Amino acid sequence: MSEFQAFDFRTKFGSRYFPSPIFTASGCAGSGKELSQFFDLDELGAVVTKSISVKPRSGRPTPRMAETPSGMLNSIGLQGPGIDQFLEIDIPWLQSNGARVIVSISGETVEEYASLARKLRGINSLHGIEVNISCPNVENRGLVFACDPVASRAVIEAVRRNISGDYPIIAKLSPDVTDIVSIANEVVAAGADGLALINTVLGMVIDVDAKRPKLAGITGGLSGPAIRPIAVRAIYQVHKALPQIPILGMGGVTNGRDALEMIFAGASGVSVGTATFGNPSAVIKVKRELLEGLRSRGFNSLSEAIGVAHV
Amino acid sequence: MNINSRAIQDSVEVLSNKKVGAYNHMVFAVGDMASHAKPGNFVAISVGGPSSSLILRRAFAIYRSSNRGAYGGTIELVVAAHGTGSKWLSERSVHERVDMVGPLGTAFGIPTEPVNALLVGGGYGSAPLFGLAEVLKARGCRVDMVLGASVAGKIYAPLEGKRSVNVMTLTTEDGSAGVKGRVTDVMPQIIERNQVEIIYSCGPMAMLEAVNQVAEGANVLHQCAVEESMACGIGVCMTCVVPMRDSAGVIKMQRSCIEGPVVDGSQVVWGSERKIAQGTWGAPQ
């Protein structure tokens with residue numbers, strides 16, 4: 001652990017500091033219990049929970065998954081127990097096991113986001129709230145708030161109004177837009193303290209023997225190394241336009257080099273998602289290799305490496 | 001207690017890799033991982049090597065495990081090389097290493113009293129049934145087995161596996177071995193003749209559903225190892241769900257890697273592929 005003390009690995013989102021910039025990605029760490037068998041959760045900067053909704057959700061039917069070259073499509077559809085059970089069971093367990101917790105929320109209407117924010121208000125032990133306005137696995141693509149600047153702004157304003165200044169609001173954006181910077185501008189103006197870039201990319205696989213879509217949900221979200229260049233591009237563009245806004249970068253990060261790429265593009269932290277499916281200890285590997293990578297390039301702190309690729 | 005509290009991630013050595021019919025029988029030196037492995041458990045293996053474009057783990061039911069022997073703990077698998085990942089695994093040579101996580105998932109429940117058991121397997125789904133047969137036989141159970149496949153070459157029934165089985169019946173759809181037909185064609189007579197008290201099954205979902213119908217018709221307990229595509233095997237990805245009734249009777253989308261793979265056949269809401277079963281907790285309104 002001494003090596004971590006010598007290097008300033010801390011990062012900051014809004015008012016909260018994190019001892020390491022490596023987080024889990026929403027929907028890729030179960031309840032936390034599943035991964036705690038393989039490493040201590042306090043090794044992470046934070047656990048970003050699966051996106052939680054107002055009511056229980058069954059999610060979509062199976063098949064929910066299709067492996068693709070260096071990636072996978074999923075159409076889980078935000079399966080979860082709903083906010084009440086989540087607050088009663090999941091959050092206390094995570095906190096009693098040393099995890100810093102960022103709660104991800106997802107609603108179908110602006111009012112649902114407001115209602116979720118009210119449920120979270122006053123839980124001071126949380127480290128942040130990720131507002132997932134970009135899940136592609138909803139029945140109606142019109143509900144993807146992050147594809148529309150006005151809707152994105154309305155959601156973040158509603159959350160901001162209902163959460164007060166307790167802890168940072170991180171808005172999770174979709175890469176499936178013509179101009180991600182314009183969406184980023186809107187959510188920051190509405191009160192987002194940080195941005196999570198990127199959610200999965202909408203994709204599709206056809207089963208050529210059955211002659212129908214492979215996924216029961218027809219379309220799904222593409223994740224994994226296949227989308228990493230898209231994520232790096234989005235981070236770079238948004239950091240250039242909004243250099244003061246911290247970005248949680250994600251999209252196919254599998255090793256320390258991938259995390260370095262996102263930091264250099266302008267991310268203040270990096271989430272590891274799909275890589276965990278292939279390797280339960282991927283987050284720890286990324287954290288170790290990122291530290292080595294920063295040191296070997298002569299950095300003494302994370303903060304001095306953020307955005308260095310911008311010339 | 002943690003989920004999968006006995007699971008270990010380790011780089012394990014291939015001790016043996018032999019072609020058996022349409023399959024590969026592989027033995028791995030796994031150390032402590034073997035000591036908690038029970039019939040029905042599975043392991044998840046990363047495939048393709050470090051620069052592979054295959055990013056997801058592959059799940060394999062444990063064929064047998066042993067704590068003893070010259071190589072310490074070993075786990076044996078039966079690999080059907082029908083996809084890119086399983087083909088890669090089946091091509092590993094002795095002394096090569098693979099990254100394995102295990103043991104994972106639920107195990108077959110073992111009765112405390114000697115009972116008459118019927119084990120039903122489809123294709124290489126027979127693999128975990130041989131380890132189960134050994135345990136049941138050691139408990140004084142009568143163990144009958146029915147193995148079915150489309151053709152003879154796809155039945156996995158090694159000689160050493162037969163030792164713990166009283167009577168083995170084979171079925172093939174083309175009649176190339178055993179009885180022409182399906183496993184469910186021969187089950188009712190065996191259930192009646194041997195007064196079967198519990199059925200264990202492993203194989204494709206359609207076969208498990210048919211076996212469950214026979215079991216319910218005969219009013220016999222049925223434990224089956226369910227199958228749904230997995231991305232992780234450790235409970236985080238939520239892709240491998242199967243609709244199942246919980247203890248309160250509520251239908252929930254449950255993970256076949258954590259709440260399964262071995263489940264009670266009567267809990268499963270069969271025939272729910274590509275749709276959400278009516279009454280499922282949290283179903284879209």
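Predicted model: local features only at pLDDT ≥ 70, side-chain atom pairs only at ≥ 80, totals over all residues.
Of the contacts in chain B with a separation of 6 or more, 64% are between residues 24 or more positions apart.

Along the principal axes, the C-alpha atoms of chain B occupy a box of roughly 50 × 50 × 40 Å. Of the 285 residues in this chain, 52% are buried.

How is chain B divided into domains? There is domain 1, covering 8-104, then domain 2, covering 116-225, and finally domain 3, covering 230-280. Please look at domain 1 and domain 3 of chain B, whose C-alpha centres are 25 Å apart. Eight residues of domain 1 of chain B make contact with eight residues of domain 3 of chain B. On the domain 1 side of that contact, strand S3 (42-45) and strand S6 of chain B each contribute at least two residues. By class, the residues on this side of domain 1 are six nonpolar, one polar and one charged.

I turn now to some details of the backbone.

Strand S6 of chain B, residues 97-104, contains B:Pro103. The peptide bond between B:Gly102 and B:Pro103 is cis, with omega about -10°. In the loop between helix H1 (84-90) and S6 of chain B we find B:His95. B:His95 is not a glycine, and its phi is positive, near 85°. Is B:His95 buried or exposed? B:His95 has 9 other C-beta atoms within 10 Å, and a residue with 12 or fewer counts as exposed, so B:His95 is exposed.

B:Met238 also has a positive phi, about 65°, and is not a glycine. This residue sits in the loop between strand S12 (221-225) and strand S13 (241-245) of chain B. Around B:Met238 there are 24 other C-beta atoms within 10 Å, and the cut-off for a buried residue is 20 or more, so B:Met238 is buried.

In chain A, a cis peptide bond links A:Leu197 and A:Ile198, with omega about 10°. A:Ile198 belongs to the loop between strand S10 (194-197) and strand S11 (201-203) of chain A.

Strand S10 brings us to a sheet of chain A. This is an open sheet of eight strands with parallel pairing, in the order S3-S16-S15-S10-S9-S8-S7-S4. Which strands of chain A stand at the edges? They are strand S3 (22-24) and strand S4 (47-48); each has a single partner strand, so one side of each has no neighbour in the sheet. Within the sheet, strand S8 (residues 128-132) and strand S9 (residues 169-172) of chain A run parallel and are joined by four bridges. In this pair, A:Asn132 is opposite A:Lys172 of S9.

Finally, I consider how the two chains meet. The contact involves 38 residues from chain A and 35 residues from chain B. The chain B side of this contact comprises 18 nonpolar, twelve polar and five charged residues.

Terms used. Residues numbered from 1 in each chain as written. Chains lettered and ligands numbered in written order. Contact = placed C-beta atoms within 7 Å. Nonpolar A, V, L, I, M, F, W, Y, C, P; charged D, E, K, R; others polar. Pairing = 2+ DSSP bridges. Domains from an automatic or database assignment.
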